Amino acid sequence: MVMIIIRTVPQPVSFIVLMKDETSTPIYKEKFVSFADARKECDKVSWDYPEAQVILLREEGNVVQILYTRNPLTKA
C-alpha cells in the first residue's frame with residue numbers, strides 16, 4: 001500500500017495599512033507582520049490625518065480581506 005501525503009505550504013500573512021485622500025488616491029501604504037502593530041499604526045494614522053480614509057487589509061497569498069475601515073471626518 002502506498003500513501004501519498006500532500007502538504008500545502010502556508011502562505012505568509014501580512015497586514016497592510018492603506019491611507020487614501022479625498023480623491024481615493026493611496027497616499028500611504030505600510031506592511032506589517034503583526035495584526036496588533038498594524039492596528040496601532042491604523043489608529044496613529046487616523047489620529048494624524050483625520051481627513052483621510054484609513055483601511056486595514058489582511059493579505060494571504062492572493063487573497064486580500066478588509067478588516068477595518070475608518071472613513072474621513074467630514075468638515076462641518
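The buried residues of α1 pack against β1 (13-20), β2 (26-32), β3 (53-60) and β4 (63-70). Contact here means heavy atoms within 4.5 Å, and buried means under 20% relative accessible area, with exposed over 50% and partly exposed in between (1.4 Å probe, protein chains only). Helices (H or I, at least four residues) and strands (E, at least two) are DSSP runs, numbered from the N terminus.

Before going on, a word on where this comes from. This is a predicted model, in which local features need pLDDT of at least 70 and side-chain atom pairs count only at pLDDT 80 or more, while totals for chains, interfaces and linings use all residues. Residues are numbered from 1 along each chain as its sequence is written, and side-chain values use heavy atoms, with hydrogens and water left out.

Now for the overall plan. The protein has one helix and four strands, and from the N terminus on they run β-β-α-β-β. Of its 76 residues, 25% are buried.

Let's look at the sheet. The four strands form an open sheet in the order β2-β1-β3-β4, with antiparallel pairing. At the edges sit β2 and β4, each of which pairs on one side only. Two strands count as paired if DSSP finds at least two bridges between them; β1 and β2 are joined by six.

Next, zoom in on the helix. α1 covers residues 35-48, 14 residues in total, and spans 20 Å from its first C-alpha to its last, close to the 20 Å expected at 1.5 Å a residue. (That expected span is 1.5 Å times one less than the number of residues.) Which residues of α1 are buried? They are A38, E41, C42, V45 and S46. Seen down the axis of α1, the buried residues fall within an arc of 135 degrees, so they line one face of the helix; the arc is that of the directions from the helix axis to the C-beta atoms. The face turned away from that buried side carries the exposed residues K40 and W47.

α1 lies across β1, β2, β3 and β4, and runs at about 165 degrees to β3. For such angles, axes are lines fitted to C-alpha atoms, for helices over the stretch in contact, and angles run from 0 to 180 degrees between N-to-C directions.

Definitions and conventions. The expected span of a helix is 1.5 Å times one less than its number of residues.
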